Structures are given as C-alpha cells and as structure tokens.
Amino acid sequence: MRNVSIHYGDLVAVDDVTLSVEPGSVLALLGPSGSGKSSLLRALAGLEPLAAGQVLWDGIDLSTTPVHRRNFGFVFQDAQLFSTMDVGRNIAYGLGKLPRHRRQERVREMLHLVGLQGFEGRKVTELSGGQAQRVALARSLAPSPRALLLDEPLSALDRSLREHLADELARILREVGTTAIHVTHDQDEASTVADTVAVMDHGRLLQRAEPDVLWRNPASRDVARFLGFSAFLTNDQAAALGWVGRLGAHEVLGIGPRSLELHDDGVPLPVTSQGFALGEVEIGVRLPDGQGATLTAAERTTAPQVRVRLVSGAVTPA
Ligand code: ADP
Ligand code: MG
C-alpha cells in the first residue's frame, strides 16, 4: 500500500497509509473500531475505491485488476457459508477447475488442516460458531490464494474460543505459508496471530512493529494507551516507586496492569476501585502524581491503601 487514502464523502476513513507485507508473513491491522481497518482491507481487495495512492503486488499496480482476478482469499467476522451446501461443497466452491477426485482430496486436506476431519457431509447449519469459522478458513485457503485477508474473523466468538482459535490460526497460516493480513481490534490477538502489527487510529498508521517491540516500545502515548498502558511516569517518578531501570531524556515509562505488584516494602497508594479480569483481581490505585493505574492481585483487599512496587513498563517517547 503506497500513500493510500480512502474517503466517504467528507469523511477521511484512511489517511495516507504506506505499508508492506513480506511474502509468506502475517501482518495484523490493529486499531479501535472506526479506525479504518476494514476500509483499508476492502481497498486491498479492490472493493473500495482509493481517493489517493496505490495498491501494489510485487511492484505492480493493481488498480486495473478487478476483485476476482486479484486472487485474494477472504474471511469475515460472520463465516458467510452457503447454507444450502454441505461443508464439503462449501470448501470445494472455488475449486471448479480441478478434476473431481482432486477436488475431494483438496477438501480432505483442508478439513485436516483446520482440525475438522470427516466433516465433509455435515450441514453448515449444524456447526458451532468456531467450527463455521474453521470451514470459512478452509474454503478461503482451498484455491491457494496468493494472499488471505481476514476481517475480525474471531470477534463474534466467546473469549476462550477466540483465544484458542487465535493460536490455531497462527499455526495454520504458518503451516500454509500464505501471506496474510489479519484485521482485529484485540491487542493480544494481533500479537498472537501476526509477525508484524500495524497500529491504526483515525485512519492513520501510528506504528508498525513486531509484537514484542510494540509492547516494549510503543511509538507514542496513543499507541501505549491503546495497548493498556494508562499512566506515564518520568524517570524520577518511576524510581520513587522502586523501578530499577533508567529512562532516556525524552522517554517516559508507560504503566500497564502488569507493571505494578503488591510488595510489603512498597510505596503505599490509595485504592480507587476493584474488579475482576480473567479471574484475577484488578486493583485501581492512585499514583503519587494523581494518575490512575491498575495492578493485578490474587485477592480483593479490604484496606484503603496497598503497598506497591513498580517492576516493569513500556518505554515510550515523552
Ligand atoms: P474499522 O474497520 O477500523 O472499524 P472502518 O474502515 O469500518 O473502520 O470505518 C472507518 C470509518 O469510515 C468510520 O468512521 C466509518 O463510520 C466510516 N465508514 C466505513 N464504511 C463506510 C461507508 N460505506 N460509508 C460511509 N462511511 C463509512
Ligand atoms: Mg471493521
């Protein structure tokens, strides 16, 4: 994508985005709802006109290549299976050119890949949400597209299934070796599935990085906030809370839910709230300069304040 902009009337949905995906790698487009992810994905597919810029494949401008000739596969939030066909015929749908026995072999291969061996004859109305998404993935991969575009394919599933399928999807995409772009608003999912994460907000590309770089060094406070780092401390403020690291002159430390821990010799901080996340207690505290932060603990506290030590954070520009 080179300087791609997409407009809807006066609304700038995508604003001058330049991004590339290496062959065989997985790129996540990560951003809050309305940040322009789906618009950009549709533009790659040829489903959305560009206000400016170019979409290129291997250096060749695709502007005159229609949707069906781009040879991209799609998976959407809703599996969009053909309800009148069984699972096998859904997966065989794009395989018209193959002889019948090769088609059946390919369907079997794909079902094996997505962990649904023996499901050929199953009605699609009898699949669970997770199974339907596996079939949708198998259908889109069956014709060996040169790239796979996934738009929030796991977002409609409940959390435990979503986390499990994110792991599976990461495995499947690597096994197939396909170039893929995975759109999601979920930070953990993006980091699990992709080799590289591109963070978007308000139509702009804010950062493109490998997941561990992104989490350690968000390019701005906006990126850090989106990842869940809610407070920002200078070197002295961080040291006062027991942090042993050292920040550069133009850096601050982003404080996330794993940055603080309870410690008997820690700094006493007032408790402002308590809630649960994945079965653990998230205690809200007020930092000495007034910013709010949370920390994870095994149990609720009844005390008005807790003793806290700062153990880690994300380094971000001041
Ligand atoms: P995301 O996928 O990140 O949630 P979208 O690309 O769907 O974001 O939308 C980006 C912006 O463009 C939003 O403000 C959205 O309301 C607007 N938008 C998306 N599609 C259309 C459309 N077909 N017509 C008008 N506005 C649209
Ligand atoms: Mg979207």
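The centres of domain 1 and domain 2 sit 37 Å apart, taken over C-alpha atoms. Domain 1 runs over 2–216 and domain 2 over 228–317, with bounds that come from an automatic or database domain assignment. This is a predicted model, where local features need pLDDT of at least 70 and side-chain atom pairs count only at pLDDT 80 or more, while totals for chains, interfaces and linings use all residues. Residues are numbered from 1 along each chain as its sequence is written, chains are lettered from A and ligands numbered from 1 in the order in which they are written, and side-chain values use heavy atoms, with hydrogens and water left out.

**What the record says**

- The UniProt annotation "domain: ABC transporter", from an unreviewed entry, covers residues 1–227; UniProt positions are given in the numbering used here, feature names are shortened, and annotations may be inferred rather than shown by experiment.
- Over residues 1–227 the chain is 35% helix and 23% strand, with 25 Å between the end C-alpha atoms. Helices (H or I, at least four residues) and strands (E, at least two) are DSSP runs, numbered from the N terminus.

**Around ligand 1**

- The residues surrounding ligand 1 include Tyr-8, Leu-11, Pro-32, Lys-37 and Arg-42, where near means having a heavy atom within 4 Å of the molecule.
- Gly-36 puts a backbone N or O atom 3.0 Å from an oxygen atom of ligand 1; a polar contact is a pair of N or O atoms within 3.5 Å, and within protein, one must be able to donate a hydrogen and the other to accept it, with residues adjacent in sequence counting only if both atoms are side-chain atoms.
- Ser-38 has a polar side-chain atom 2.8 Å from an oxygen atom of ligand 1, and for an N or O atom in the side chain of Ser-39 the figure is 2.5 Å.

**The pocket between the domains**

- The largest pocket has a volume of about 800 Å³. On a 1 Å grid over the protein atoms alone, a pocket is an open set of points with protein on both sides within 12 Å along at least five of seven lines, a cavity is a set where a 1.4 Å probe fits but cannot get out, and lining residues have an atom within 4 Å of a point. Grid points are joined across faces, edges and corners, and a volume is the space filled by probe spheres set on the points.
- Domain 1 and domain 2 both give residues to the lining of the largest pocket, so this pocket lies between them.
- Its lining has 26 residues, with Asp-188, Trp-215, Leu-227, Pro-257 and Leu-278 nearest the centre.
- Helix α5 gives the most to that lining, with 5 residues.
- The lining divides into 7 nonpolar, 8 polar and 11 charged residues. Here Ala, Val, Leu, Ile, Met, Phe, Trp, Tyr, Cys and Pro count as nonpolar, Asp, Glu, Lys and Arg as charged, and the others, Gly among them, as polar.

**The second largest pocket**

- This one has a volume of about 670 Å³, and Phe-72, Gly-94, Arg-139, Ser-140 and Pro-143 are the closest to its centre among 26 lining residues.
- Strand β7 (72–75) gives the most to the lining, with 4 residues.
- By class, the lining has 14 nonpolar, 7 polar and 5 charged residues.

**The cavity**

- A search of the whole structure turns up 1 cavity of 30 Å³ or more, and the largest cavity holds about 100 Å³ of space.
- Among the residues lining the largest cavity are Val-75, Gln-133, Arg-134 and Glu-168.
- α5 contributes the most to the lining of the largest cavity, with 4 residues.
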